[in-house]
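Please look over the sequence and the model before reading on.

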Amino acid sequence: MYFFTSDVHFGDAQMMKMENRPFKSLKDFDDFIFTVWNEQAGEGDTIFAIGDWLDCDDKSSSLWKYSIDFPKRLRADVVLITGNNEDRVINFFFDGDFEKFRQVCLENGFKDVKRFDDISFGGHDFHLIHKPKDYKAGVLNLFGHTHRASGIYMPFGFNVCLDLNHFRLLTEDDIISYHASRIYPDSRI
């Protein structure tokens with residue numbers, strides 16, 4: 001089964017404050033995430049982390065290293081769709097070389113790393129992309145980046161940010177339920 005999330009920003013204390021995440025510490029947040037996600041998703045499942053798993057502000061930041069091996073703490077496989085924070089890591093620490101970054105991620109437990117992905121389930125096609133502005137027309141898009149600001153629904157798809165989902169993973173059934181409850185102006189999706 002597929003599961004979805006985005007904008008975890010592991011290790012970022014500022015994000016904990018900005019998003020009013022109800023945890024006393026980063027360790028409490030991490031412990032909660034791994035407990036809940038391991039209850040939800042197990043061996044044979046895939047978690048799509050749709051951007052900003054890591055956190056990186058600038059060239060002096062080493063915060064991204066904090067969570068690069070966190071997929072090893074999960075029972076399910078993790079596929080990372082890069083977000084703006086991963087893009088900064090690639091540019092600042094891997095000389096813009098996506099493949100070098102991908103290899104380091106694979107060595108640290110990620111099943112794969114992609115800039116975007118296209119998948120199907122429940123009779124629908126989905127495009128996975130971090131920034132909603134990069135959506136693909138004619139299919140449902142799963143995205144993040146806006147945290148809670150845009151809400152869950154957009155005309156072209158759904159925001160899977162963990163801040164909108166009580167820090168739990170969204171399931172395939174959740175996504176199909178979101179889709180069933182919407183009326184789209186574009187009848188092709």
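## Strands β6 and β7

In this predicted model, H127 has N141 of β7 as its bridge partner. Strand β6 covers residues 124-128 and strand β7 residues 140-143; the two run parallel and are joined by 3 bridges.

## The five-stranded sheet and helix α5

Both strands belong to an open sheet of 5 strands with mixed pairing, ordered β5-β6-β7-β9-β8. At the edges lie β5 (117-121) and β8 (153-154), each of which pairs on one side only. Helix α5, residues 172-180, packs on this sheet and touches β5, β6, β7, β8 and β9 (157-159). The direction of α5 makes about 105° with that of β6.

## Partners of strand β1

Strand β1 (residues 2-5) pairs with strand β2 (residues 46-50) in the parallel sense, over 4 bridges. Within this pairing, Y2 stands opposite T46 of β2.

Strand β1 also runs antiparallel to strand β10 (residues 170-171), with 2 bridges joining them. Here F3 has T171 as its bridge partner in β10.

## Cysteines

How many disulfides does the structure hold? The count is 0. C105 is in no disulfide, and the nearest cysteine sulfur, that of C56, is 12 Å away. For C161, the closest cysteine sulfur is also in C56, but at 19 Å it is too far for a bond. A disulfide would need the two sulfur atoms to be within 2.5 Å.

Are C105 and C161 buried or exposed? C105 counts as buried because its relative accessibility is 0%. C161 is buried as well, with a relative accessible area of 0%.

Technical notes: Residues numbered from 1 in each chain as written. Predicted model: local features only at pLDDT ≥ 70, side-chain atom pairs only at ≥ 80, totals over all residues. Heavy atoms only, no water. Buried < 20%, exposed > 50% of the residue type's maximum accessible area, 1.4 Å probe, protein only. Pairing = 2+ DSSP bridges. Contact = heavy atoms within 4.5 Å. Axes fitted to C-alpha atoms, helices over the stretch in contact; angles between N-to-C directions.
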